[in-house]
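Let's take a walk through this protein together. Please keep the sequence and the 3D view side by side as you read.

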Amino acid sequence: MKKDFYEVLGIDKNASAEQIKKAYRKKAIEYHPDKNPGNKEAEENFKAAAEAYEILSDPDKRARYDQYGSAAFDGTGGFSGGGMNMDDIFSQFGDIFGGAFGGGFGGFGSGGGQRRMKGSNLRIKVKLTLEEIANGVEKKVKVKRKIQAKGVTFKTCPTCNGAGQVMKVTNTILGRMQTAATCHTCGGTGQIIESKPNHADAQGMVMEDETVSIKIPAGVVDGMQLKVTGKGNDAPGNNSIPGDLIVAIEEVEHETLKREGENLHLDLYISFAEAALGTSRDIETVSGKVRIKLEEGIQSGKILRLKGKGIPSINSYGNGDLLVHVNVWTPKTLNKEQRHFFEKSLTDENFIPHPEKSDKSFFEKVKDMFS
């Protein structure tokens, strides 16, 4: 069942960024694990609220969601159906809880304590043919990732004693003020490198090639971004979590088919003889060739609609159509015999145009096509 992220947070589609944040904080506090120990339903609601907030708090992701729905974030996009764990949620959104839960959950939250570092994201482009977009595809790509080198060890940060924060006392006109700040030595992780192999960098990282499998759902569009969780760069520390792999979709132009949303367009050229006598033609679709029949006397500009032969909706609302535009090809040169035939036809009543009321104009056809 598809999620409605607005319903999850209890807001309408015109909610402002501040309203979204406020609604998420309310839900997060309501279903917080500290408040509902051992309650699996509350945990799932907590994750669902975090998933909704991650999408709706990001203007680009929200615009994509408003256009394509939650399916745009299924599989390799968004939270992958709740795939983010509690540590991920608190590492990204812990500041939103304020002081409601002290030190947060699992060492996270704005109340203090060491925080879990997340590695940087990686970005790649994946080219897809129209056939791959129509049917969905699994792609294997080679990615260069930074990973923690084998043999790296960490020790407690001597500056903050593993707390991840240091306390500062400042004299003000109101008296002495004590504030907490992220430890500059360990970056808030509470750990520093104790030893590392010679081939590792200063953070204990090495570059490694990894083949990543990406499941791409049918119906994606050019420019859409999908996310493969945990396939970005590692971060230093025993409890760090890797970043994500952001996959940008690039649609390869098809030789004969033109895409317009979920519909496809095909220009079919036929001769005068085929138009007059009628014919059958094999045409290309994204699911293979199909044979269509053209009736006798078919007119140039006729549009044939093949239901369901277009691109699937990414929201699983069915397939678009394939619109075949019939074009009668006019020969550019004629031999003597052909010229004589057409000269005779100039005065033949049967060759004089007599459009019927049922024959729609070009503009009417275009209007119908988009209605």
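Helices (H or I, at least four residues) and strands (E, at least two residues) are DSSP runs here, numbered from the N terminus. What you see is a predicted model, in which local features need a pLDDT of at least 70 and side-chain atom pairs count only at pLDDT 80 or more, while totals for chains, interfaces and linings use all residues. Residues are numbered from 1 along each chain as its sequence is written, and side-chain values use heavy atoms, with hydrogens and water left out.

Let's begin with the overall picture. The protein chain holds nine helices and 15 strands. Of its 371 residues, 38% are buried, where buried means under 20% relative accessible area, exposed means over 50%, and partly exposed lies in between (1.4 Å probe, protein chains only). The chain exposes about 21800 Å², and carbon and sulfur atoms supply 50% of that area; accessible areas come from the Shrake-Rupley method with a 1.4 Å probe, and for residues only the protein chains shown count as cover. Among contacts (heavy atoms within 4.5 Å) with a separation of 6 or more, 65% link residues 24 or more positions apart.

Now turn to helix α3, residues 40–56. Its 17 residues reach 24 Å from the first C-alpha to the last, close to the 24 Å expected at 1.5 Å a residue; the expected span is 1.5 Å times one less than the number of residues. At the N-terminal end of α3 sits a cap, N39, with a side-chain oxygen 3.1 Å from the backbone nitrogen of E41. The helix is mostly covered, with 12 of its 17 residues buried, including A42, F46, Y53, I55 and L56.

Next comes an open sheet of three strands, in the order β1-β9-β8 and with mixed pairing; two strands pair if DSSP finds at least two bridges between them. Because β1 (122–128) and β8 (225–228) stand at the edges with a single partner strand each, one side of each is left without a neighbour in the sheet. Neighbouring strands of this sheet are turned by 30° against each other on average, direction ignored; the axes are lines fitted to C-alpha atoms, for helices over the stretch in contact, and angles run from 0 to 180 degrees between N-to-C directions. β1 and β9 (residues 245–251) run parallel and are joined by seven bridges, and K125 has A248 in β9 as its bridge partner.

Which strand holds R145? R145 has its place in β2, residues 137–148. This arginine counts as buried because its relative accessibility is 7%. A polar atom of the R145 side chain lies 2.7 Å from the backbone oxygen of G232, and the backbone oxygen of K231 lies 3.5 Å from a polar atom of that side chain. Both are polar contacts, that is, pairs of N or O atoms within 3.5 Å; within protein, one must be able to donate a hydrogen and the other to accept it, and residues adjacent in sequence count only if both atoms are side-chain atoms. Leaving aside neighbours within four places in sequence, the contacts of R145 include L122, V206, E210, D234 and P242.

Finally, look at strand β11 (residues 263–270), where six of the eight residues are buried. β10 (residues 257–260) pairs with β11 in the antiparallel sense over four bridges, and K258 stands opposite H265. These two strands form a hairpin with two residues between them, and G261 in the turn has a positive phi of about 65°. β11 also runs parallel to β15 (residues 322–328), joined by seven bridges, with V328 in β15 as the bridge partner of I270.
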